[in-house]
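Please read this report alongside the sequence and the 3D structure. It goes through the sheet, the core, the rings and the charged pairs in turn.

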Amino acid sequence: MKKTHLYFITSILLVLFTFAISSCSDDDDVETSTMIVEIDSESNLFYDLTGSWEPGMWVREEGKKNWEKWPQKRIKGFSFEEGYYTKLQIIKKIDHSYDNEYVDGGSSTSYQLQKILEKKPSESIRNK
């Protein structure tokens, strides 16, 4: 009787251990953070890695001084509108297991719109 209970308990523990290991995901390789960015009202042209020009936008992380050129399609879920200053809360994901430089433009970093914090008609504030 004791052997049967021991086998039963061991079997249950083995099943639970196997389930715990198999349910682990690759999310451990993905670093996620939330950031606030400002989008200037003025557009630009962005020279991408394939050697072609595409519509761009001026972006800076809140609290930073320097503006960067980003392609308008970089932030998933966001549509740039010229003539509007926009402040966004976005999710930045870095996939550390990413190893194919030719997929998704060669970047292991992606951006997703979480919330529009502010949007107002405005002249460019980038040079002010």
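Is E42 buried, partly exposed or exposed? E42 is partly exposed, because its relative accessible area is 32% (buried means under 20% relative accessible area, exposed over 50% and partly exposed in between, with a 1.4 Å probe and protein chains only).

## Basis of the model

This is a predicted model, in which local features need pLDDT of at least 70, side-chain atom pairs count only at pLDDT 80 or more, and totals for chains, interfaces and linings use all residues. Residues are numbered from 1 along each chain as its sequence is written, and side-chain values use heavy atoms, with hydrogens and water left out.

## The sheet

Six strands make up an open sheet of mixed pairing, in the order β3-β2-β1-β5-β6-β4. Strands here are DSSP runs of E with at least two residues, numbered from the N terminus, and two strands pair if DSSP finds at least two bridges between them. The edges are held by β3 and β4, each with a single partner strand, so one side of each has no neighbour in the sheet.

β1 and β2 are antiparallel and share eight bridges. Six residues separate the strands in the hairpin of β2 and β3, where G63 takes a positive phi near 90°.

## The nonpolar core

A nonpolar core is a set of buried Ala, Val, Leu, Ile, Met, Phe, Trp, Tyr and Cys residues joined through side-chain atoms within 4.5 Å. The largest one has 13 residues, of which V37, I39, M57, I75, F78, L88 and I90 touch the most other members. The elements that give two or more residues to this core are β1 (30-47), β2 (53-61), β5 and β6. The most come from β1, which gives three residues.

L88 shows how the parts meet. Not counting residues up to four places away in sequence, L88 touches M35, I36, V37, I39, I75, F78, L113, K115, I116 and L117 (contact means heavy atoms within 4.5 Å). T86 lies in strand β5 (residues 84-95) and counts as buried because its relative accessibility is 4%. Apart from neighbours within four places in sequence, T86 is in contact with V37, E38, I39, F78, I116, E118 and K119.

## Aromatic rings

The whole structure contains one aromatic pair. Rings of Phe, Tyr and Trp (its six-membered ring) pair if their centres lie within 6.5 Å; planes under 30 degrees apart count as stacked, over 60 as edge-to-face and the rest as tilted. The pair is W70 with Y111, and it is tilted because the planes are at 40°, with the ring centres 4.7 Å apart. W70 belongs to strand β3 (residues 68-71) and Y111 to strand β6 (residues 109-121), so the pair ties together parts 41 residues apart in sequence. Both W70 and Y111 are buried.

Two other rings have a charge over them (NZ of Lys or CZ of Arg within 6 Å of the ring centre and within 35 degrees of the ring normal). The charged end of R126 sits over the ring of W58, 3.9 Å from its centre. The charged end of K119 sits over the ring of Y84, 5.1 Å from its centre.

## Salt bridges

There are six salt bridges in the structure, each a side-chain nitrogen of Lys or Arg within 4 Å of a carboxyl oxygen of Asp or Glu. One of them joins E38 and R60 (2.8 Å, N to O). E38 is in strand β1 and R60 in strand β2, 22 residues apart, and both residues are buried.

R126 and E42 also meet in a salt bridge (2.8 Å, N to O). Here R126 is in the segment after β6 and E42 in strand β1, 84 residues apart. K119 forms a salt bridge with E81, with the closest N and O atoms 2.6 Å apart. K119 lies in strand β6 and E81 in the loop between β4 (75-76) and β5, so this pair ties together parts 38 residues apart in sequence. K119 is partly exposed, with a relative accessible area of 40%, and E81 is partly exposed at 37%.

Definitions and conventions
Helices (H or I, at least four residues) and strands (E, at least two) are DSSP runs, numbered from the N terminus.
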